[in-house]
Amino acid sequence: MKHTTQLPDRRPLRDRTGAATAAAPSPARTTARRRPSSQQWAAWGFLAPVTLYLALFYAYPLYRNIDLSLRNYTVRSFVQGDAPFTGLRNYLTVFDDPTFAPALLHTVVFTVVSLVFQYAIGLALAVFFTQHFRLSATLRALFLVPWLLPLIVSASTWSWMLNSDSGIVNAALHAVGIGPVNWLTSPDWSLTSVILANIWIGVPFNLVVLHSGLQSIPAGLYEAAALDGANAWQRFWRITFPLLRPVSAITLLLGLVYTLKVFDIIWIMTKGGPADSSTTFATWSYQLGFGNLLPAFGPGAAVGNLLVVAALVFGLVYMRVQRKQGLS
Amino acid sequence: MTGVVVTRHNRHSRTWWKTAIGLVLTAIMLFPVYWMLNVSFTRDQDMRKSPPGLFPTDATLEGYRAVVDQQLPYLGTSLVIGLGTVVLTVALAAPAGYALAKLRPRGGGLLSFVLLAAQMIPGIIMAMGFYAIYLSLGLLQSVPGLIVADSTLAVPFAVLIFTAFMSGIPGELLQAAKTDGAGAVRTFWSIVMPMSRNAVVTVSLFAFLWSWSDFIFASTLASGGAHQPITLGIYQYIGNNNQEWNAIMATAVVASLPAAVILVLAQRYVAAGVTAGAVKD
């Protein structure tokens, strides 16, 4: 998933919030009272478009989605807008659906396994690239490529690489004496395949953010540790890893929020199949709403809303952590 | 003088193996990209060869001919939608960033919070909501509709970037403009915007890239319409003729060009954008 982060510890204090500079000389309340009202008018004049935009294109679609999940929509009533209110029945339908348990399990496995590998590989590469050697910066830049490619490009390339008969992956396995694996067409392997592709896409983000976090660890610490006889392994576990914890927390939390909602890769590679073996909440929601001839907008929206709740819970944790780090 | 040269030479000869490891790691990481290129040049009759050819020895341009014959309208649509998204995003986010960074609006903190939270809403939710709204407004399968939907991918991020960047503009400068009688709009347009060129570039790059790469809005809001973006072009290609993988991969290569251009021309903006907030002039 494409995402970005804000590193709390890399920004000068004055940049953190507009209010930080404002509140510094005097208590916030008097500052607020002293703000000239003409400036307030100007400020909200500048903010009006984006506020209106948020209301129209974030709040309203969200509201429509909640409304969808609480009514019994058919194609006809969807167009005419007179669907009967059914309360939480769509949610009960979803909980009772045989797809619910597998979708939940796949969402958790997909998210956790992706995050663990993206973070571990990203961190190893970040440490490697902090060393000075020829071409270091260029190669690190090239690592960004998977992150920049459109997801449909990455997903279709992986699809062909993992093709059972003509894919390069099975050809390589064959060369070392392992029989062909039906990566995308076997229920045993489809989830592994989409996780593999997702790890590849997520490594660059982890690399860049963790690398920039490593830059803020003072080099003197390593020199002192080296003088005291600590080897590279000890230096990593005693210095790098603990000091990187704040940045790691931010990276993992944001990664979590964004991995939960990954849709494109799974849908393009396997459509959640075969037989729901790689379906997650995101693809299931799409499947219900748009994937069948007869759309089930109500249950689709209900599944989506469960996803929103999960994303927002972890999102709030992320913002809390980030704010706490910003203050300390 | 010679001493310096010798030490430098020594340092590099001591680290050459790190460069070698770096090259190997990069090659592994970029193998799928190479494979996409390789397949895009492979002839139809070699496509099912076992084992597949590691190099396009009998390279063909059939795949790229198919792109020119069939995919140009999709590419054009994506270009228009991408540029539209950039304009809309900058127009909405730059004034908001200025207000949040410099004008200390009451309730600005809350607005920033809402923007952060908005980034976390899953795309499928937004798509379903937009679908319901566009259906009643008759905006399905329209280019403006897709521009608005795609801009939701970039606007919250753009406001954050502009706020962080514009906070760094010296207050004395804006005060001086005010003393000279410039109003807020004038100050914004003649001083803040010209000084924020780098932020505009960063935001534009990401807005374009995300809109160009968007699949979920395209497939829900534009599917089957007269103007479909390139992501749908590829998707339908995979669905319709999964025999001609050279054409599919050639389209994928062409669809990757904006990413390649951005990486070559504007790499520092990209890294800056990933670690947003570390943006400095």
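Reader: In which helix is A91(B) found?
Author: This is a predicted model, where local features need pLDDT of at least 70, side-chain atom pairs count only at pLDDT 80 or more, and totals for chains, interfaces and linings use all residues. Residues are numbered from 1 along each chain as its sequence is written, chains are lettered from A and ligands numbered from 1 in written order, and side-chain values use heavy atoms, without hydrogens and water. Helices are DSSP runs of H or I with at least four residues, strands are runs of E with at least two, and both are numbered from the N terminus. A91(B) sits in helix 3 (residues 62-103) of chain B.

Reader: Is A91(B) buried, partly exposed or exposed?
Author: Buried means under 20% relative accessible area, exposed over 50%, and partly exposed lies in between (1.4 Å probe, protein chains only). A91(B) has 47% relative accessibility, so this residue counts as partly exposed.

Reader: How far apart are the C-alpha atoms of A91(B) and V155(B)?
Author: Along the chain, A91(B) and V155(B) are 64 residues apart.

Reader: Where in chain A is confidence lowest?
Author: Confidence is given as pLDDT, the predictor's score for each residue from 0 to 100. Chain A averages 82, and 87% of its residues score at least 70. The mean is highest, at 93, in helix 7 (residues 100-130) of chain A. The lowest mean is 36, in helix 1 (residues 13-16) of chain A.

Reader: Over which residues of chain A is the pLDDT below 50?
Author: Where pLDDT is low, the predicted coordinates should not be read in detail. Beyond near neighbours in sequence, the stretch has 32 contacts (heavy atoms within 4.5 Å) in the model. The stretch is residues 8-32 of chain A.

Reader: How many helices does chain A have?
Author: Of its 328 residues, 54% count as buried. The secondary structure has zero strands. The helices of chain A come to 18.

Reader: Is V112(A) buried, partly exposed or exposed?
Author: V112(A) is found in helix 7 of chain A. Its relative accessible area is 46%, so V112(A) is partly exposed.

Reader: How much area do chain A and chain B bury between them?
Author: The size of an interface is often given as the accessible area lost when the parts come together. Here the loss is summed over both parts, with a 1.4 Å probe. In contact are 103 residues of chain A and 104 residues of chain B. With 75% of it on carbon and sulfur atoms, the buried area is about 9200 Å².

Definitions and conventions
Buried area is the accessible area (1.4 Å probe) that two parts lose on being put together, summed over both.
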